[in-house]
Amino acid sequence: MRIQGYPDPGEGLRLHLNENTGGCSPRVLDAIKRVRTTDVSTYPSYPTLVAACARHFGVDPEWILLTNGLDEGILMAALGHIARARAFDAETIIPLPAFDPYPNSTAAVGAKAIRVPPLPNYVFQTEAVLEAITPRTRMIFLNTPNNPTGQLIPIADLKRIAAAAPQAVVLIDEAYIEFGGETFLPELPQCPNVLVGRTFSKAYGLAGMRVGIVIGQPPVLDPVRAVTLPFNVNAVAMAATLAALEDVEFLPRYAAQVAESRARLYEACRSLGLEFWESAANFIMVRVGDAVPLVVEALAARRIHVRDRSKDPTTPGCIRITAGMTEHTDAAIDALESVVAGRRTR
Ligand SMILES: Cc1ncc(COP(=O)(O)O)c(C=O)c1O
């Protein structure tokens, strides 16, 4: 029997799901402790959090849809724009490598996924995406920085793709944008067919709370709103998110840790002779070749959990390592060095 969700790797350092390795702001826990019995016994009401998010992202409150993690936002976007529109011959465009919920949501609404293979070194395949657009294209999933490669899509390319597919919704997934790169948000007023996805799971360390946001002009956002369940974000998560937004020092401090961790991981890969890709996100992808199962298992035996990416044909021989607090990165580097060096001396 299959059990819901990802297996729990147990004790140790979780560097496999791109979480915040330092935990959330302590102010979040204080806010959770202040949640009242009546906050729990009543259905949540969102205007305060929507207003705080609108201020934070610099958009009108009508442009904001809170979701149960960005995962839910991705599925709701597909439901709202494909299933609800009864677009039965719909295609979605998915540049590879891609985050699983894009093909999964495409399948859930009965659409056909047009997968666009990667270019050497994972430079974004803009021309191939443009060539894949047809009158049947209803959604295009663009992820910047990309999970798992950490590569950015230039803003000019995002604009070109959005302009070339006015019949489609372009979902720009910025789950990791706080760690590097430029947000597309200032371009949104000129882009009526674009939705930007953001999450509180990564930089803010609220993955367990499940809060994401879909942002867009009302004509493109409202079909998504129409299929989203009315109480999809719970009262505790709401209190947590408000407190996370108020702690303005938390994010730059953590982003600096991530930047330093990435630099240390690059250095370690260089000295171990491992291929890697410089990343704008809180993880890096590293090629260890045929040794993936051995490396992943040997690291897990040292209670360091990294992600095996080798089963995806577009990332052969690769693992993905979360870059979080520098102390955690140092532990991962120590383990990686002993596993890789130990393998060579055998
Ligand atoms: C590219 C990308 N988008 C969206 C998400 C979803 O984040 P959440 O549902 O936790 O908000 C993730 C999480 O791993 C991700 O990697």
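The accessible areas I will quote come from the Shrake-Rupley method with a 1.4 Å probe. On that basis the chain exposes about 15600 Å², and carbon and sulfur atoms supply 55% of that area. Please keep in mind that this is a predicted model.

Now the overall picture. The chain has 12 helices and 12 strands. Its C-alpha trace spans about 60 × 55 × 45 Å along the principal axes. What radius of gyration would a compact globule of 346 residues have? The value would be near 20 Å, and the chain has 20 Å, so the two agree. Of the 346 residues, 56% are buried.

Next, contacts. If we take contacts between residues at least 6 apart in sequence, 73% of them join residues at least 24 apart. As for charge, the chain has 33 positive and 36 negative charges.

Let us turn to the aromatic rings. Two rings count as a pair if their centres lie within 6.5 Å. By this rule the count comes to eight aromatic pairs. One of them is Tyr122 with Trp277: the ring centres are 5.3 Å apart and the planes are at 75 degrees, so this pair is edge-to-face. Where do the two residues sit in the chain? Tyr122 is in the loop between strand 4 (112-116) and helix 6 (126-132), while Trp277 is in the loop between strand 9 (275-276) and strand 10 (283-287). They are 155 residues apart, and the pair links distant parts of the chain. Both Tyr122 and Trp277 are buried.

Phe200 and Tyr204 give another case: their ring centres are 5.0 Å apart and their planes are at 50 degrees, so the pair is tilted. Phe200 and Tyr204 are also both buried. Finally for the rings, Phe99, Tyr102 and Phe141 are linked by ring pairs into a cluster.

Phe141 comes up again with Thr106, a residue of helix 5 (residues 101-108). Is Thr106 buried or exposed? Its relative accessibility is 1%, so Thr106 counts as buried. Leaving aside residues up to four places away in sequence, Thr106 touches Thr92, Ile94, Ala111, Lys112, Ala113 and Phe141.

The last topic is the backbone. Most residues other than glycine have a negative phi, and most peptide bonds are trans. Here are some exceptions in this chain.

The peptide bond from Leu96 to Pro97 is cis, with omega near -5 degrees. Pro97 lies in the loop between strand 3 (91-95) and helix 5. Asn147 and Pro148 are also joined by a cis peptide bond, and there omega is about 25 degrees. Pro148 is placed in the loop between strand 5 (137-143) and helix 7 (155-164).

Then there is phi. Arg86 is not a glycine, yet its phi is positive, at about 50 degrees. Arg86 is in the loop between helix 4 (69-83) and strand 3. With a relative accessibility of 62%, Arg86 counts as exposed, because the cut-off for exposed is over 50%. Asn121 also has a positive phi, near 65 degrees. Asn121 is in the loop between strand 4 and helix 6, and that loop also holds Tyr122 from the edge-to-face pair.

That is the end of my part. Thank you.

Methods: Residues numbered from 1 in each chain as written. Predicted model: local features only at pLDDT ≥ 70, side-chain atom pairs only at ≥ 80, totals over all residues. Heavy atoms only, no water. Helix = DSSP H or I, 4+ residues; strand = E, 2+ residues; numbered from the N terminus. Rg over C-alpha atoms; globule rule 2.2 N^0.38 Å. Buried < 20%, exposed > 50% of the residue type's maximum accessible area, 1.4 Å probe, protein only. Contact = heavy atoms within 4.5 Å. Lys, Arg positive; Asp, Glu negative; His and termini not counted. Charge placed at Lys NZ, Arg CZ, Asp CG, Glu CD. Phe/Tyr/Trp six-rings, centres within 6.5 Å; stacked < 30°, edge-to-face > 60°.
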